[in-house]
Amino acid sequence: MSFSLQGGRYQVGAILGQGGSSRVYAGQHQELLRPVALKCLHSQEPADIELFREEARLLAALNHPRIVTVYDFFLEGSQAWMVLERVEGRTLYDQVQREHPLPLPRCLQWVEELLDLLEFLHDQQPPVILKDLKPENVMVGQGGHLVLLDFGISKRLSPLGTQPM
């Protein structure tokens, strides 16, 4: 299966993964010849599309080596799409299943990377709170470093820190 989006700008290929609210495809930006991941929201409800757009904006505003980069967001017909950096590797969940038990130095490296990421997010103004941090949402990428892929249920706290924005 292969199809294009945005007038041929993006070529869409195989499914990389699927969650409760979206599906992720391998893709390529045809003009730049850049591999990308294309995340398609299942729902076509305006409220869900707006939340998806907010996830894209949140990710785009954050620059950290442990956070996947957002390149684009668009609607194709009534379908919402997010274009992301394609991180090669396997999910943390798959890595742990494959290599159990993990060597202690690698575990400590990953704990340090996740703590650094969480500190970065909590230091944002307003702070960003991850509500769905799990091994399936973290990729073990190049060099064995972790990259957070999914911010779907994340919240930015209001300036008073009491209400999600």
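**Salt bridges, strands and a helix**

Analyst: The structure holds 8 salt bridges, and please keep in mind that this is a predicted model.

User: OK, which residue does K39 pair with?

Analyst: K39 forms a salt bridge with D150, and the closest N and O atoms of the two are 3.5 Å apart. This pair links distant parts of the chain, since K39 sits in strand β4 while D150 belongs to the loop between β10 and β11 (155-156), 111 residues apart.

User: And is K39 buried or exposed?

Analyst: K39 is buried, with a relative accessible area of 5%, whereas D150 counts as partly exposed at 25%.

User: What network does K39 belong to?

Analyst: K39, E55 and D150 are linked in a network of salt bridges.

User: Then which pairs lie in helix α1?

Analyst: One of them is E50 with R53, whose closest N and O atoms are 3.2 Å apart, and both residues lie in helix α1 (residues 46-61), 3 residues apart, or about one turn of the helix. Another is R57 with E54, where the closest N and O atoms are 3.1 Å apart; these two also lie in helix α1, again 3 residues apart and about one turn of the helix.

User: Which strands does β4 pair with?

Analyst: Strand β3 (residues 22-29) runs antiparallel to β4 and is joined to it by 8 bridges, with S22 having L41 as its bridge partner in β4. Strand β6 (residues 79-85) also pairs with β4 in the antiparallel sense, over 5 bridges, and there the bridge partner of L38 is V83.

User: What about the hairpin of β3 and β4, what does L33 do there?

Analyst: That hairpin has 4 residues between the strands, and L33 takes a positive phi near 55°.

User: Switching to cysteines, how many disulfides are there?

Analyst: Taking a disulfide as a pair of cysteine sulfur atoms within 2.5 Å, the count comes to 0 disulfides.

User: Last topic, helix α3: which of its residues are buried?

Analyst: The buried residues of α3 are W110, E113, L117 and L121. They cover an arc of only 75° around the axis, which puts them on the same side of α3.

User: What covers them?

Analyst: The covering elements include α2 (92-98), β8 (128-129), β9 (138-140) and β10 (146-148).

User: And which exposed residues are on the face turned away from the buried side?

Analyst: On that face α3 carries the exposed residues L104, P105, L108, E112 and L115.

User: How many residues does α3 have, and what does it reach from its first C-alpha to its last?

Analyst: Helix α3 (residues 104-122) has 19 residues and reaches 27 Å from its first C-alpha to its last, which is close to the 27 Å expected at 1.5 Å a residue.

How values were computed. Residues numbered from 1 in each chain as written. Predicted model: local features only at pLDDT ≥ 70, side-chain atom pairs only at ≥ 80, totals over all residues. Heavy atoms only, no water. Expected span 1.5 Å × (residues − 1). Buried < 20%, exposed > 50% of the residue type's maximum accessible area, 1.4 Å probe, protein only. Arc of directions from axis to C-beta. Contact = heavy atoms within 4.5 Å. Pairing = 2+ DSSP bridges. Salt bridge = Lys/Arg side-chain N within 4 Å of Asp/Glu carboxyl O.
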